[in-house]
Amino acid sequence: MSRNTKINGLLLLLVAALAVLPIALGMGEGKEEPFAGADAQAETAITELKPDYEPWFSPLYEPPSGEVESALFALQAALGAGVLAYYFGVRKGRRQGAALAAAAGAPDTSGASGTAAAES
């Protein structure tokens, strides 16, 4: 087994432990919504400490249910991951293309070394 395979396996076990341990240890027991987000917990704490608190502003759009809110959050995360994956894919493709061009003996088309060669 190679070193990378061992590291990947260890990382996979660590991620699985992070997902399973809070549930297995009962970290959410006794709460109405055991795994609510930080925003919901902060709102609960504020209303307990100061019941007459008025928010400074209201949201532009209030989703009709928690499921819709979760779906919109997942869509936002997927779009962000897609943009990042596209960016890194383009960078890797350009790097591989430059390496293939250099191996084939093609002139550099990036402009950096081409202008220096033309000036001398």
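How much accessible surface does the chain have, and what share of that surface belongs to carbon and sulfur atoms? The accessible surface comes to about 11000 Å², and carbon and sulfur atoms account for 65% of that area. Please keep in mind as you read that this is a predicted model.

## Overall layout

Let us begin with the fold. The chain has 4 helices and 0 strands, so reading along the sequence gives the pattern α-α-α-α. Of its 120 residues, 2% count as buried.

Is Asp39 buried or exposed? Asp39 has a relative accessible area of 69%, and it counts as exposed because this value is over 50%.

## A nonpolar patch

The surface also carries a nonpolar patch, formed by Leu60, Tyr61, Leu72, Leu75 and Leu79. Together these residues have about 610 Å² of accessible area.

Where does Leu60 sit? You can find Leu60 in the loop between H2 and helix H3, the latter being residues 66–104. Leu60 is exposed, with a relative accessible area of 94%.

## An aromatic pair

Finally, turn to the aromatic rings. How many aromatic pairs does a search of the whole structure find? The search finds 1 aromatic pair. Its partners are Tyr87 and Phe88, whose ring centres are 5.3 Å apart. The ring planes stand at 65°, so the pair is edge-to-face; the cut-off for that label is over 60 degrees.

Tyr87 counts as partly exposed, at 44% relative accessibility. Phe88 is partly exposed as well, with a value of 48%. These labels apply because partly exposed residues fall between the buried limit of 20% and the exposed limit of 50%.

Technical notes. Residues are numbered from 1 along each chain as its sequence is written. This is a predicted model: local features need pLDDT of at least 70, side-chain atom pairs count only at pLDDT 80 or more; totals for chains, interfaces and linings use all residues. Side-chain values use heavy atoms; hydrogens and water are left out. Helices (H or I, at least four residues) and strands (E, at least two) are DSSP runs, numbered from the N terminus. Buried means under 20% relative accessible area, exposed over 50%, partly exposed in between (1.4 Å probe, protein chains only). Accessible areas come from the Shrake-Rupley method with a 1.4 Å probe; for residues, only the protein chains shown count as cover. Rings of Phe, Tyr and Trp (its six-membered ring) pair if their centres lie within 6.5 Å; planes under 30 degrees apart count as stacked, over 60 as edge-to-face and the rest as tilted. Patches are made of residues with over 30% relative accessible area and no salt bridge: like charges are joined within 9 Å, nonpolar side chains (Val, Leu, Ile, Met, Phe, Trp, Tyr) within 5 Å. A salt bridge is a side-chain nitrogen of Lys or Arg within 4 Å of a carboxyl oxygen of Asp or Glu.
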